[in-house]
Amino acid sequence: MVQTALKALADALSWLAALAVPLAATLGVALVGLCLIGLLDRERFRAGLGWVGTRLPASLRWALVALAVGVGALALHVTRRTVDARLGAGQNARYANAADPDGGQTVQASPRVSLLDARTYTRTLVLPADVYARLQVGGGWETLLPYLVGTPGLTVQDIREGFTRRGRTLVYTRDVTLQTESPLGLDTSRVNADRRFVDPPGGRGTYYNATFSADYTFTNPRTEPVTARFVFPLPQGSGTLSGFRLTVNGRGYRASDLREGSVWEGRVGAGQTVRVNVTYRHQGSRGWSYRLADRREPLRNLDLTVSADRPAKFERYSLFPTDISRDGLGRARTLRWQLQDVITAQNVAVVFAQGSVRETLAKVGLTAPLALLLAPLLVLAWAGRRRRVIAPLPLAGAVLGLAVGFVLGGVLTSYLPPLVALPLGAGVGVAFGVVALGRGSVLPLVVAAFVPLVFLVVGHAGLLLTLLAGGMLLLLVGGRGRVT
């Protein structure tokens, strides 16, 4: 909403800025040179501003402030387009000079447990006497075997077959022993998933470093030992897994034969409980899901905890957490699902609020020219409240200094994460403004420099702008002026 309103305002004022571009470019170079001189020799800078100020009419002096805003807006427009082109080229490039996020939206399915049994099935085929007589003439009954023997499946453990003669009839018998699986539910599931988001430099996309750790238990309900199978499906969309470890009753196993995931088979005594731990690390982006079942199944005891340093949303019609802990800004940080003796076909699906780096930088670049326009207005209002007189030339230098800082922040995004580069550039711009105007104008300059940075806090830009405007209004209207 904020971005749409700012874009509409910028489009409405764009034609005005186009009229001042040629003159603003020429004067801008001169004013930027004065700002750089001010960093090296502050006394000479002030003397130069005073000399220029005494030789210009009052109207032209204030016109320089407007031109400084135009020059800064032009420089920021060029910077925004350049940064966006660089990000677009980097996203479409075949080669890169840094690693891309290794993984996307991850889906982890819950494990499956089953008890293995062996069952023997018998099939008998009786051939009539006339068929038997024809076979005897044609070369014997052995010629039928290629047509009667089927291809053994993966679950076939043993197969026995043959012909027997009963008078003038021939009897074919096949005994097939198959391995069958009886599904067994988990007694308890304790799952912990931790996500820590990373904003890499260069705008290669936000991703998270994830740690998964789960403890499962199941019990043999029978009165005799049985072979059990535990299948842990590997996550989808997770990229490379590191530190993968499957531990059963304290004994570690390495992953092997991963067609169905990580599989463990072993003998379990009557009434014995098996404890399984699974851990791994990976990278992902945007969201994470825990698929409980593809069909309606009972859950005896599920305790699932998801921790993240970004706000979270939940997929519609998925299981909503039973407990949510939030930080000071009201954003969800720790999500917990505690379910006992429930029957559900829903899954856990979490999406973390985040904008792409390219979109975030576009919002900041679109708002920065409006911050340049806001800066002189705040400075003049603040000075008037404190009964101070602000000269137009130092004010123009402060505006250009702030613009230089914004441009520097955009350039630094090629080398540093946006959360570091943009505040650093804004800080440099405030420092330039203080050199031109003095320490008494620090607060309005800081407020103006902070306006574009609100878009770095994903999902709360409108709230921060409202609070910022309200706080500044209280300072200007409610405070007591004093002579300095």
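How do the residues of the lining of the largest cavity divide into nonpolar, polar and charged? I noted twelve nonpolar, seven polar and three charged, counting Ala, Val, Leu, Ile, Met, Phe, Trp, Tyr, Cys and Pro as nonpolar, Asp, Glu, Lys and Arg as charged, and the others, Gly among them, as polar.

Basis. I am working on a predicted model, where local features need pLDDT of at least 70, side-chain atom pairs count only at pLDDT 80 or more, and totals for chains, interfaces and linings use all residues. Residues are numbered from 1 along each chain as its sequence is written, and side-chain values use heavy atoms, with hydrogens and water left out.

Cavities. I searched the whole structure and found two cavities of 30 Å³ or more (sets of points on a 1 Å grid over the protein atoms alone where a 1.4 Å probe fits but cannot get out; lining residues have an atom within 4 Å of a point). The largest has a volume of about 230 Å³, taken as the space filled by probe spheres set on the points, which are joined across faces, edges and corners. Of its 22 lining residues, Val 364, Gly 365, Phe 406, Gly 410 and Leu 422 lie nearest the centre. Helices H4 (58-92), H7 (357-385), H8 (392-412) and H9 (418-437) each give two or more residues to this lining (helices are DSSP runs of H or I, at least four residues, and strands are runs of E, at least two, numbered from the N terminus).

Helix H7. I looked up its 29 residues, which reach 39 Å from first C-alpha to last, close to the 42 Å expected at 1.5 Å a residue (1.5 Å times one less than the number of residues). H7 bends by about 30° at Ala 368, and Pro 369 follows within four residues (the angle between axes fitted to the seven residues ending there and the seven starting there). Just after H7, Arg 387 takes a positive phi of about 60°.

How values were computed:
On a 1 Å grid over the protein atoms alone, a cavity is a set of points where a 1.4 Å probe fits but cannot get out, and a pocket is an open set with protein on both sides within 12 Å along at least five of seven lines; lining residues have an atom within 4 Å of a point.
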